[in-house]
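We will go from the whole chain to single residues.

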Amino acid sequence: MFAGHDTVSSATTFALYLIGRHPEVQHKLHEELNQVFGSDRDRPVTPDDIQRLEYLSCVVKESLRLLPSAPLLGREIEEDVNMCGTTIPKGTTVFIGIFWLHRDPKQFPDPEKFDPDRFLSHNMKGRHNFAFIPFSAGHRNCIGQKFALMEEKVILATILRKLNVTSLQSISELGLTYELVLRSTEGIKVKLSIR
Ligand code: HEM
């Protein structure tokens with residue numbers, strides 16, 4: 001359940017929450033959806049549509065940066081590792097704090113700001129390859145990432161073609177909790193209205 005289901009539901013819920021907090025982002029998304037779907041609000045989303053929804057792709061990535069479904073990964077060190085002059089002995093359990101890594105101001109200036117434009121290709125030049133790792137990286141990275149991103153985009157495009165979303169809580173009111181998957185202890189309260 002962790003791998004394929006809870007992660008996508010966490011990511012999609014938080015993306016919808018962030019869109020509902022940022023009317024200017026939602027406006028741009030609605031414009032892009034109008035361009036791709038015209039007035040048709042019912043037909044299924046196709047792989048070709050997904051390719052064309054570039055701004056939606058940036059929104060999904062920026063949401064995974066700020067509120068990553070897997071905020072923390074654990075690893076057991078199999079051999080002594082020298083890191084910046086300090087030896088981490090074999091057998092140590094280390095944690096990789098993806099939630100905090102994604103807030104490195106050198107890689108993401110003004111890191112708490114929700115700004116999907118960070119993921120436009122011309123804004124990504126010079127960014128470290130491992131600055132953004134919502135699906136982990138290396139040999140044991142997520143095998144479902146392409147499927148997950150597609151699922152998320154289909155759900156968001158389907159909802160936002162028909163609805164406006166307004167989020168009613170600030171981020172600090174969500175009561176973020178870091179278990180295996182990022183959650184809100186308070187639930188996420190949004191108001192939906194027909195476009
Ligand atoms: C937004 C959605 C998702 C996120 C953020 C996500 C994130 C991750 C992360 C961070 C890992 C590494 C965990 C670790 O090493 O401790 C992982 C592993 C994995 N994920 Fe995902 N995942 C998502 C969706 C999916 C989906 C949809 C599937 C399957 C269809 C999937 C299947 C897996 C599997 C099987 C692994 C283990 C890979 C291995 O250990 O070799 N994930 N995922």
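Helices and strands here are DSSP runs, numbered from the N terminus: a helix needs at least four residues, a strand at least two. With that in hand, select Ser-136, which sits in the loop between helix H5 (98-101) and H6. Remember that you are looking at a predicted model.

**Stop 1: Ser-136**

Is Ser-136 buried or exposed? Its relative accessible area is 18%, so Ser-136 counts as buried, the cut-off being under 20%. Now check the backbone. Ser-136 has a positive phi of about 65°, and it is not a glycine. Most residues other than glycine have a negative phi.

**Stop 2: the whole chain**

Zoom out and switch to cartoon view. How many helices and strands does the protein have? There are six helices and eight strands. The order is α-α-α-α-β-β-β-β-α-α-β-β-β-β.

Next, look at the dimensions. The C-alpha atoms fill a box of roughly 60 × 35 × 35 Å along the principal axes. The radius of gyration is 18 Å. A compact globule of 195 residues would have one near 16 Å, so the protein agrees with that rule.

The accessible surface comes to about 11400 Å². Carbon and sulfur atoms account for 56% of that area. Of the 195 residues, 39% are buried.

Colour by charge. The protein has 24 positive and 24 negative charges, and their mean positions lie 3 Å apart.

**Stop 3: the core**

Hide the surface and go inside. The largest nonpolar core has 34 residues. Select Leu-29, Leu-67, Leu-156 and Leu-160: these touch the most other members. Which elements give two or more residues to this core? They are helix H1 (2-21), helix H2 (23-37), helix H4 (54-66) and helix H6 (145-162). H1 gives the largest share, eight residues.

Keep Leu-67 selected and show what surrounds it. Leaving aside residues up to four places away in sequence, Leu-67 touches Phe-14, Tyr-17, Leu-18, Phe-99, Ile-171, Leu-176 and Leu-182.

Contacts that span the sequence are a theme of the whole protein too. Take the contacts between residues at least 6 apart in sequence: 68% of them join residues at least 24 apart.

**Stop 4: two pairs**

Select Glu-179 and Ser-69. They are 110 residues apart in sequence, and their C-alpha atoms are 9.6 Å apart in space. Glu-179 belongs to the loop between strand S6 (176-178) and strand S7 (182-184). Its relative accessible area is 46%, so Glu-179 is partly exposed.

Now select Gln-35 and Leu-53. This pair is 18 residues apart in sequence and 9.4 Å apart from C-alpha to C-alpha. Gln-35 is part of helix H2. With a relative accessible area of 64%, Gln-35 is exposed.

**Stop 5: Cys-84**

Where is Cys-84 found? Look in the loop between strand S2 (81-83) and strand S3 (86-88). Cys-84 has a positive phi of about 50° although it is not a glycine. Compare their surroundings. Cys-84 is exposed, with a relative accessible area of 81%, whereas Ser-136 is buried.

Technical notes. Residues are numbered from 1 along each chain as its sequence is written. This is a predicted model: local features need pLDDT of at least 70, side-chain atom pairs count only at pLDDT 80 or more; totals for chains, interfaces and linings use all residues. Side-chain values use heavy atoms; hydrogens and water are left out. A nonpolar core is a set of buried Ala, Val, Leu, Ile, Met, Phe, Trp, Tyr and Cys residues joined through side-chain atoms within 4.5 Å. Buried means under 20% relative accessible area, exposed over 50%, partly exposed in between (1.4 Å probe, protein chains only). Contact means heavy atoms within 4.5 Å. The radius of gyration is taken over C-alpha atoms; the globule rule is 2.2 Å times the number of residues to the power 0.38. Accessible areas come from the Shrake-Rupley method with a 1.4 Å probe; for residues, only the protein chains shown count as cover. Lys and Arg count as positive and Asp and Glu as negative; His and the chain ends are not counted. The place of a charge is taken as NZ of Lys, CZ of Arg, CG of Asp or CD of Glu.
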